[in-house]
Amino acid sequence: MDPKEIAKKTGETAKLYFSTVKDEDKPYNLWRFFDKDLARDMSLYITGQMYAREKIPHATRQLITVAALTVLSKPEELALHIHAALNVGCKKEEIAEVIFQTSIYGGVPVANTALSTLKKVLEERGELE
């Protein structure tokens, strides 16, 4: 793919997924602090080539990511991808169901941590009923 097209896709996908995430919580800004060139390369690959792929819908991709981050017990990264999942149209009930499903494989404690993360993100976004 043309480098300009990758850069364009990176910007579009980053905006789609992470527009509701505070700048200080975006991994890209953390990476930039330490190495601007590597941050750009990582962003172009992760966001511009992997997340932008159209082999599966964005919502499916984010639910898969929520499941993986739940089982790995990575709540900070999970919060970022809960934002992304909501931003691409996933419903909070779908995200919760994915988290409940992972409790079978990852355990109830990691599911509880993930549900707490989901609740916190919903509170931040003003979407908790």
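In which hand, left-handed or right-handed, does H4 pass H5? The crossing is left-handed, a term used if the near helix is turned anticlockwise from the far one by less than a right angle, with right-handed used if it is turned clockwise.

Before the first selection, note that this is a predicted model, in which local features need pLDDT of at least 70 and side-chain atom pairs count only at pLDDT 80 or more, while totals for chains, interfaces and linings use all residues. Residues are numbered from 1 along each chain as its sequence is written, and side-chain values use heavy atoms, leaving out hydrogens and water.

**First selection: H4 and H5**

Select residues 58-71 for helix H4 and residues 75-87 for helix H5. Helices here are DSSP runs (H or I, at least four residues), numbered from the N terminus. Two packed helices are described by the angle between their axes and the distance between the axes. For H4 and H5 the angle is about 160° and the axes are 9 Å apart. Axes are lines fitted to C-alpha atoms over the stretch in contact, and angles run from 0 to 180 degrees between N-to-C directions. H4 is therefore roughly antiparallel to H5 (angles over 145 degrees).

Now show the side chains in contact (heavy atoms within 4.5 Å). H4 contributes Gln62, Thr65, Val66, Leu69 and Thr70, and H5 contributes Glu77, Leu78, His81, Ile82, Ala84 and Ala85.

Thr13, Leu16 and Tyr17 of H1 meet His58, Arg61 and Gln62 of H4.

How many aromatic pairs does a search of the whole structure find? There are 4, a pair being rings of Phe, Tyr or Trp (its six-membered ring) with centres within 6.5 Å. Select Tyr17 and Phe18: this pair is edge-to-face, at 5.7 Å centre to centre and 90° between the planes (edge-to-face means planes over 60 degrees apart). Tyr17 has a relative accessible area of 0% and is buried; Phe18, at 10%, also counts as buried (under 20% relative accessible area, with a 1.4 Å probe and protein chains only).

Then select Phe33 and Phe34, an edge-to-face pair at 4.9 Å centre to centre and 85° between the planes. Both Phe33 and Phe34 are exposed (over 50% relative accessible area).

Finally, select Tyr51 together with Tyr17 and Phe18; these residues form one aromatic cluster.

Technical notes:
Helices (H or I, at least four residues) and strands (E, at least two) are DSSP runs, numbered from the N terminus. Angles under 35 degrees count as roughly parallel, over 145 as roughly antiparallel, 65 to 115 as roughly perpendicular and the rest as oblique. Rings of Phe, Tyr and Trp (its six-membered ring) pair if their centres lie within 6.5 Å; planes under 30 degrees apart count as stacked, over 60 as edge-to-face and the rest as tilted.
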